Amino acid sequence: MATDTYTKPIIDGTATRPKVYKNFIDGEWVESSTGQTFENHNPADTRDVVGLFQKSGKADVDAAVQAAKQAYQKWRLVPAPRRAEIIYAAAEILLERKEEYSRGMTREMGKVLKETRGDVQEAIDCAYYMAGEGRRLFGPTTPSELPNKFAMAVRQPVGLCGMITPWNFPMAIPSWKLLPAIVSGNTCVIKSAQDTPLSTFNLVQALVDAGLPKGVINIVTGFGPEAGAPLVEHTDVRAISFTGSSAVGRTIGTTAAQTFKHCSLEMGGKNAMIVLDDANLDLAIEGGLWGAFGTTGQRCTATSRIIVQEGVYREFINRYVERAKKLKVGNGLDESVDMGPAINELQLKSDLNYIEIGKNEGAKLKTGGNRLDKGEYQYGWFLEPTVFADVDPKMRIAQEEIFGPVVAIMPCENLEHAIQISNDVQYGLSSSLYTKDVNKAFSAIRDLDAGITYINAPTIGAEVHLPFGGTKATGNGHREGGVGAIEFFSEWKAVYVDYSDRLQRAQIDRPE
Ligand code: ADP
């Protein structure tokens, strides 16, 4: 693997030598034990190499775990409000560097600048929120059943936590995991996504500059089987927090269970937006475009199905398709662009494959469906925004997660029918309903089988202080965001203090 490739970036017209990023272990930048690196490409122009990153293996994971283990003995004793001050200071640093980090993220990931600014902002929001947690981490006190006895429950750190993250929210998702973990007193090893390691480095750099002690967070870069799996298998790791595909999540869950680790799995979605006859159609069309084509459809919460009531079905399709055709596809660093490229060739091929499947299944392709590879698009992984209509809910394009700019529109008779279609998939992450009828809205909030329901907004747009996660094949019952994250990264300890000066036996010595 070349380590000093010169690239010809399209971005600013100047040739740059890609920087080599090392693993971050025990506060030091170290090369991987394999001696190999891999290239982080700009998906809008693959000639542009964002950086070279370490292709790590088990020995690197072991070293990172050892560092985190050592750091844990000190970090767990640092008062939580002090831990929180470091996180708060990191938020301020991120704020200062927001533009630089957003641009770096668009370059490594492809999504448009306004979205990468949102991604960095989400890490900032998460940092402010988790900094506040440092002075909460509340636990209950409760009366004891016996006299002169005090009872309470306190939160303790879990210990050493492993994080495995995907590429679609390269800073936000690492922040959801790392920040609640460290404020709770844990130390961490993160294996970031191979397509977007830079943004994890930027997040951790802000924490280090804010005063994070060495070894509290360690970064190991590389690929899943070589660098992710050893982290999941490691007996010293007490918790694994994973976001990614359901297939990989299943393997991780099975492996983590062998050593009884806490294991949080955040996986796929096939999220539907319902539009009833009484909806504000302008709003629904606007929301449906943002939900389906934001982040090039590469969000686990993406609006990949739109279920429209018969009375407005044709009008919705016509107007929606007209708008979809006008979306500007291109390099996300251009502020006028609406939608960036797919993350990589594999994802693009998978999107195109699903488009073929949709056509063969008999869905009506209303717009899009083609790769864009001429002129300015020739070095990137671009695809047209794609809309299928008259989709049958049983079709594969209506059932399987595509993770691309492909939306399936289907009709429904009424709300009950729409909810049935919405729920009838293997996933249960996000859901949405457009209506002006408050009774229908509340029925839907009750009956949609998903971890998130939006009323009069599309299926995307989570805020950091609310629970994030889903039902069925989307997750395994945990929630990120809000106090759910603290819950996952802490271990409850029940404490009893008997000040009666005699033996009191619970359940046996019953006071009169
Ligand atoms: P995505 O399609 O979002 O990349 P993946 O589930 O393939 O979803 O990857 C999510 C993360 O899981 C990435 O960081 C990837 O390297 C990691 N990963 C993939 N396979 C494994 C594995 N067998 N063990 C541990 N981590 C893995």
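Mentor: In this predicted model, the C-alpha centres of domain 1 and domain 2 are 30 Å apart. Domain 1 is made of 23-139 + 160-267 + 475-489, and domain 2 covers 271-455.

Trainee: How many residues of each domain are in contact with the other?

Mentor: Contact is judged by heavy atoms within 4.5 Å. Here 25 residues of domain 1 meet 27 residues of domain 2. About 2,200 Å² is buried between domain 1 and domain 2, and carbon and sulfur atoms give 59% of that area.

Trainee: What is the count of salt bridges between domain 1 and domain 2?

Mentor: A salt bridge needs a side-chain nitrogen of Lys or Arg within 4 Å of a carboxyl oxygen of Asp or Glu. There are two between domain 1 and domain 2. Arg299 also forms a salt bridge with Glu115, with 3.5 Å between the closest N and O atoms.

Trainee: Which elements give two or more residues to the side of domain 1 that touches domain 2?

Mentor: They are β5 (45-54), α3 (98-109) and α4 (113-133). By residue class, that side of domain 1 has eight nonpolar, six polar and 11 charged residues.

Trainee: Where does Asn168 lie?

Mentor: Asn168 sits in the loop between β8 (160-164) and α5 (172-183).

Trainee: Is Asn168 buried or exposed?

Mentor: Buried means a relative accessible area under 20%. Asn168 has 4%, so it is buried. Residues touching Asn168 include Met109, Asp119, Gln298, Arg299 and Phe403. A polar atom of the Asn168 side chain lies 3.0 Å from the backbone oxygen of Gln298.

Conventions: Residues are numbered from 1 along each chain as its sequence is written. This is a predicted model: local features need pLDDT of at least 70, side-chain atom pairs count only at pLDDT 80 or more; totals for chains, interfaces and linings use all residues. Side-chain values use heavy atoms; hydrogens and water are left out. Domain bounds come from an automatic or database domain assignment. Buried area is the accessible area (1.4 Å probe) that two parts lose on being put together, summed over both. Helices (H or I, at least four residues) and strands (E, at least two) are DSSP runs, numbered from the N terminus. Ala, Val, Leu, Ile, Met, Phe, Trp, Tyr, Cys and Pro count as nonpolar, Asp, Glu, Lys and Arg as charged, and the others, Gly among them, as polar. Buried means under 20% relative accessible area, exposed over 50%, partly exposed in between (1.4 Å probe, protein chains only). A polar contact is a pair of N or O atoms within 3.5 Å; within protein, one must be able to donate a hydrogen and the other to accept it, and residues adjacent in sequence count only if both atoms are side-chain atoms. Lists of a residue's contacts leave out its neighbours within four places in sequence.
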